[in-house]
Amino acid sequence: MLRRLKSLAITLGAGIALSTYVNAATEIEFWTSQTQSDRMKIIETLAQTFEAMNDGITVKVVPVDENEMATQMAAAAAANTLPNLIEAGSELLLAFGEEGVVDKSTNKKILDNVGSGRFFTGALDMLKSPNGKDYYGVPMHGWVQGIWYRKDWFEQAGLEPPTTWDRIEKAAAVLTDKSKNQYGILVGTKPEGYTEQVFTHFALSNNAQQFNAKGDLVFNSPEMLETLKFYEKLAKYNPPGPQTWRARDYYLQGKMGMFFYSTYIMDDLAIAEVAKGSLSGENFEGLGGADFDADLVKNTGFAPIISNKADASYGVLVGLSAIKSKKAESKAAQEFAKYLYDPYAYITYLHMAPGGMNPMLSDIPDHPYYLKDPKGVFEAYGSENIKGIVSGFNSIRTFSVVDGNVFPESGQIFAKQIIPQMVYSVIFEGVTAENAIAQAEQEMKAVIGNQ
């Protein structure tokens, strides 16, 4: 590991001009949500390389669990020991921005240095302040969810890519053959997080929201009802029983036409060793196991954007944000952030989790170094396929952000599993969609204290 990290440091310095920034003994503190030891070693190597090129600046890297970030920030604010730069999820960055600790001016300088036109539009919009001009963070990486589908099956059946509600429903019906234990689609129906993620994707594509821009709960709407009824239709083409992400096994064993998943599935599709957990006959009574299909990657398409009344992709965005600091520290934090977006440093950061950490800069998939991740995942897909996958960040949306306003109450609702319980009640308990939505809204009101 040490030898690989030394080699990495040499690579990271290649092609990067030494900074002209000079200051006497400035230390900055960088909080990262990448707490795993192997990732920390890589981030610390990046920091050390930066220090070698910037005399007088030292970077203290501090791992902070995402679930503890808000508490730690509050404690640091009270003690006047706030970090200078943080890496955190978009919802946290918006919350910190509203609390007034974010340095919007430095974030703007970072964007200008990197080039705001290089970022995916949807990713930038998720970090805008309510005035639409300032930014509470700069997009760093993230994952998108979408429909992974058998391109070869679609072509043979004369089906169009599953990018609209009509196309999805038609393909699900055509590709389902229960006599062969073959199913057209996988959507979540078990009362858990995966179901909520898939349902939310459809809801956003139908302009259905939890809250309006004023913060009013508007879940029980005609758009949400239409979404739930459509979801109920699609569930008929699922494998039997309440289903979750685990039913991806049907796809990897050649028994499914489409399934919803995040970009974390990329290595399972490309690498036999990673896929083996989905190729056994242990997880489902109806699946006997199968050999790894080396052609599955090239025969798989990805539709990150679903359209009905709106274009929508769904996913998670992680950004960098400068925190208000003294002038010298702000300048040093800006320089370090600028360095992290240098292609070699940035790609090294993304390679810590191929498929899980996707670029926010649209030109990165064209960079030859990007395709050479340690696992060999991206070379199996190629630059053009990667660009199609990450294009979902142009339209990424969530329930928690509406017109630049963040509603943390959405996270409280998510934690109570109200939406997946609603879906389950309609599909397996015979509750009407109308009654299920009305009940869900009442439960949401109780959670957020708005009865």
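Is His 141 buried or exposed? With a relative accessible area of 4%, His 141 is buried (under 20% counts as buried, over 50% as exposed, with a 1.4 Å probe and protein chains only). Keep in mind that this is a predicted model, in which local features need pLDDT of at least 70 and side-chain atom pairs pLDDT 80 or more, while totals for chains, interfaces and linings use all residues. Residues are numbered from 1 along each chain as its sequence is written, and side-chain values use heavy atoms, leaving out hydrogens and water.

Leaving aside residues up to four places away in sequence, the contacts of His 141 include Gln 34, Val 316, Tyr 349 and Met 360 (heavy atoms within 4.5 Å). Glu 87 is also among them, and its side chain lies 2.8 Å from that of His 141 in a polar contact.

Now to the largest pocket, with about 1,000 Å³ of space. Among its 35 lining residues, Glu 66, Gly 89, Glu 91, Trp 143 and Val 316 are the closest to its centre. Strand β4 (138-150) is one of the elements supplying at least two lining residues, along with α4 (90-99), α9 (193-205), β8 (311-322) and α18 (409-415). The largest share, five residues, comes from β8.

Terms used: 1 Å grid on protein atoms, 1.4 Å probe; cavity = no way out; pocket = protein on both sides within 12 Å on 5 of 7 lines; lining within 4 Å. Points joined across faces, edges and corners; volume = space filled by probe spheres on them. Helix = DSSP H or I, 4+ residues; strand = E, 2+ residues; numbered from the N terminus. Polar contact = N/O pair within 3.5 Å; in protein donor to acceptor, adjacent residues only side chain to side chain.
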